[in-house]
Amino acid sequence: MKVSCLLGLCFILLSQMVFADSGQQSSYVAFPSLDKKLNQQEAVLIVHGAINHQAISPLFRAYQERYPNIAIHYTESNTRHLYEQFISQPNTRPDVMLSPAMDLQFKLANDGYALAYDSPELVNVPKDSHWRNELFGFTYEPIVTAINADILAGAALPQSREQLLNLIRSKNHLLDDKIGLFDIQQSGFGYLAWAYDGQQSRSYGRLLEAFGTHQARLYTETSLMLNALLKGQIFVAYNLVGAYSYQWSQAYSWIKTIMPTDYTTIIMRTAFIPRDAKQATLAKRFIDLLLSPEGQHILANQSGVTPISTKVKGPYSRDELSKLPHGIFRPIPLGLELLLQTDDAKKRLIYHEWDSAMLYAPNDSTP
Amino acid sequence: MAKATTSIRRQLILMVATVLIVINVIALWSAHIYANRAAKESYDRLLYGSALQMAENINLLDSQFFIDLPVSAFETLALSTSDRAFYSIMNGQYQVLTGYKDLPSIPFTQLLQQSIEKEKFVPIYYEAMYHGETVRFVALGKRLLEADSVNDVFIIVGQTLDARRAAATEISHMALQFVTLFFFITLLLLLFVIWRVLQPLQAIKQAITERSPQELSPLEAKVPSEIAPLLKSINYFMAQLDNTLIRLKRFTAEAAHQIRTPLAGLNSQAQNALDETDEELRQKQLQHILESSNVLTNTVNQLLSRATLTHRYQSHPFSPVALDHVIKETCRELVVWALERQVEIEYIGDIQVTIKGDEFALKQMLQNIIENAIKYSPKGGVVEVELMMMDELSQTSIVLQIRDQGVGVPDQDKEHIFEYFYRSPDNFASGSGIGLSIAKEVAEHHDARFHLKDNQPTGLIVEVIFSQQKGLSYES
């Protein structure tokens, strides 16, 4: 234990290496093995993911406690970039892919890039959270709206999309240039959430119009949007990843997180092992940990994201999530329906609508 | 002894099991075929349904294709939860408008050919390898009309085969379970039925084992009509046995009497001879003893020969016998003995007959009849033996006649002379009274009839009529 504590310190020092990758923002974090012996070739598990490394590192640590002689190299980037890199650079493919862009992940699995793995831990998670033993959903996360409560001047928080529209209408010019959205052409996650809204909601068209007329700002990542919210650059952020938003709400009392009560979209972060993974065995062990009660427990207690398992307890468990005010949970199904989100014609239509609405939108993807 | 070859029960069970297995294998095989076809058809429909929904949402807008695929098309595909799906939408120039760009060869020519023949697009199904798996595709065409331009668009949707395989396997498994259950239930029922049907046989066996060996009265058991003949045969056999036993008892008693009486006579004659002082009288008495002893010897010989014959009846199968030859031989053998008694034997007849029979027994029969005829013939008489053919009731029979010129037999005695030890009250010749009854038994054994007639002017005709047998052959 003493050794691992010492090495844990070492890991913190080494882990904060951030660099730019081909113009896109990617961060790279290395987790060296816990008991590296001299002159011994180190086994490395390469993970690419669109999940905050602070959120995923407790899992990496648990993995290294199980397998102390394995190092983990984690590259974090946004969902679309992750997908495009996977397709265009076959040589740099990881051993594990983690992403909340279910449609892109699904497309890769459907097109045969994923390795089938019949994990014994699948019994711990719901049946519809994995597909063909190739794609494994491991979180259950609401998509939320964050609002700067100060602008309400004591009025009630809008709880649904309808109320949000009313708010935008009533505040009118106050919200000009003050609504934050995912740039659906840059962020796979943003596109998925928006396209799903298009399938689910009658207010979709009016929302788009309202966002357009108020020159909504576009962001590529949740954290950038939350930063902008904190700085007062925007007052409303629509379709955010719930876990991050709730963390910010806890830190800053005026940032309120709302799960829309008309319906609350749920996404799963999914993992898969690429077919040509160099360390497939290590990757399988990682999937096992991810789906195991232990891994799910870590998610529910340390990472801040809600795990898929209904059995684990913790502050971020599904039990706790359902105690918060919310609408009907509508999980985006992990299945062939996702192919529609990747359809080019559909995408062109949605982009076209989006572009027509967002003609004057300032792009804040780079702060 | 009856030989137990195989048990009916075992045979029945074996046959029933075989038939059941054959039926069940056929049932399983058909279920397998049906399962595959059902799975294929139902999943083909899903595929087609999905393609139709996609086609529905392709339109022309200002000469441009407007494609807004509905989520329901994908939801339809998602009904087979574990299958990959691929799709592509192409224009008339085979350019991909949306979807997968590298689908395996699409049968456009066939699609167009059929659309011309049937004047509309019909779906075409085909299978191809894609991304390392066998994929079943449906290709569908849609004709879009705008003003004076005609635009074709093709929708291709494919899906891997896991779900249909799983469905087929599931149906097959269900069929297997059902068939297995059915097999065992049927087998049990049939075992019960076999047991139930064979129960009467068991009952007969039980009834026979429980009897004392002396009891030969008919069995009274309720049996099905198929087994009734068996029971009847058993009862008939037992009646025969009973009859035989009675006759045997009577024969034994009579034989004992027949042997005991001359022995007692011999005894007293020998005693008398011992006491006789007159040499001449004693000579006469000794002569009597010798005669009595001869009669006794004769009787014992006849009895033994009959016993031999009875044994032969049971152990010797019939073989072809040249009847005329046997008759001639017997006559020849008896000719010397007859001449000693100054009787001639004359064989008449020139036909050659072969019958199936026991040569030894037939010879015994002939000997006995001819000897008898000689015995009752007057000195200088002739015994005629004739073998001839006779037409009787449109049937040709072989008839053997032995004619003597003795005193004959009165009509009231004719029906008795074949009985054991029967002797006419006014019979004076020496004899055991067995010879003719043996002859009659042999004849009966050969399916021949005995017939007695009076000879002219005096004497007896013994007629043996061989009815037509299979394999009987004769030549004139």
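Contact here means heavy atoms within 4.5 Å. This is a predicted model, where local features need pLDDT of at least 70, side-chain atom pairs count only at pLDDT 80 or more, and totals for chains, interfaces and linings use all residues. Residues are numbered from 1 along each chain as its sequence is written, chains are lettered from A and ligands numbered from 1 in the order in which they are written, and side-chain values use heavy atoms, with hydrogens and water left out.

**Stop 1: A:E320**

Select A:E320. Which residues does A:E320 contact, leaving aside its neighbours within four places in sequence? They are A:G314 and A:P315. A:E320 sits in helix α12 (residues 318-323) of chain A. Helices (H or I, at least four residues) and strands (E, at least two) are DSSP runs, numbered from the N terminus. A:E320 has a relative accessible area of 33%, so it is partly exposed. The cut-offs: buried is under 20% relative accessible area, exposed is over 50%, partly exposed is in between (1.4 Å probe, protein chains only).

**Stop 2: all of chain A**

Zoom out to chain A. Look for 14 helices and 15 strands. Of its 367 residues, 59% count as buried. Take the contacts between residues at least 6 apart in sequence: 77% of them join residues at least 24 apart.

**Stop 3: strand β13 of chain A**

Select residues 263-267 of chain A. Is this strand β13 buried or exposed? 5 of its 5 residues are buried, so the strand is largely enclosed by the rest of the structure. Show the side chains. A:Y263, A:T265 and A:I267 point one way, while A:T264 and A:I266 point the other. In a regular strand the side chains alternate between the two faces of the sheet.

Now bring in the partners. Two strands pair if DSSP finds at least two bridges between them. Strand β8 (residues 141-148) of chain A pairs with β13(A) in the antiparallel sense, over 2 bridges. Here A:E141 stands opposite A:I267. Strand β15 (residues 328-331) of chain A pairs with β13(A) in the parallel sense, over 4 bridges. A:T265 has A:R330 as its bridge partner in β15(A).

**Stop 4: A:Q215**

Go to the loop between α7 (204-213) and β10 (217-219) of chain A, where A:Q215 lies. Check its phi: about 45°, positive although A:Q215 is not a glycine.

**Stop 5: a sheet in chain B**

Move to chain B. In what order do the 5 strands of its open sheet run? The order is β4-β3-β7-β6-β5, with antiparallel pairing. β4 (96-99) and β5 (124-130) of chain B stand at the edges with a single partner strand each, so one side of each has no neighbour in the sheet. Inside the sheet, select β3 (residues 85-91) and β7 (residues 149-160) of chain B, which pair over 7 bridges. B:F86 has B:G158 as its bridge partner in β7(B).

**Stop 6: two loops in chain B**

Select B:H131, in the loop between β5 and β6 (133-146) of chain B. Its phi is near 50°, a positive value in a residue other than glycine. Then jump to B:P457, in the loop between β13 (448-454) and β14 (460-466) of chain B. A cis peptide bond joins B:Q456 and B:P457, with omega about 0°.
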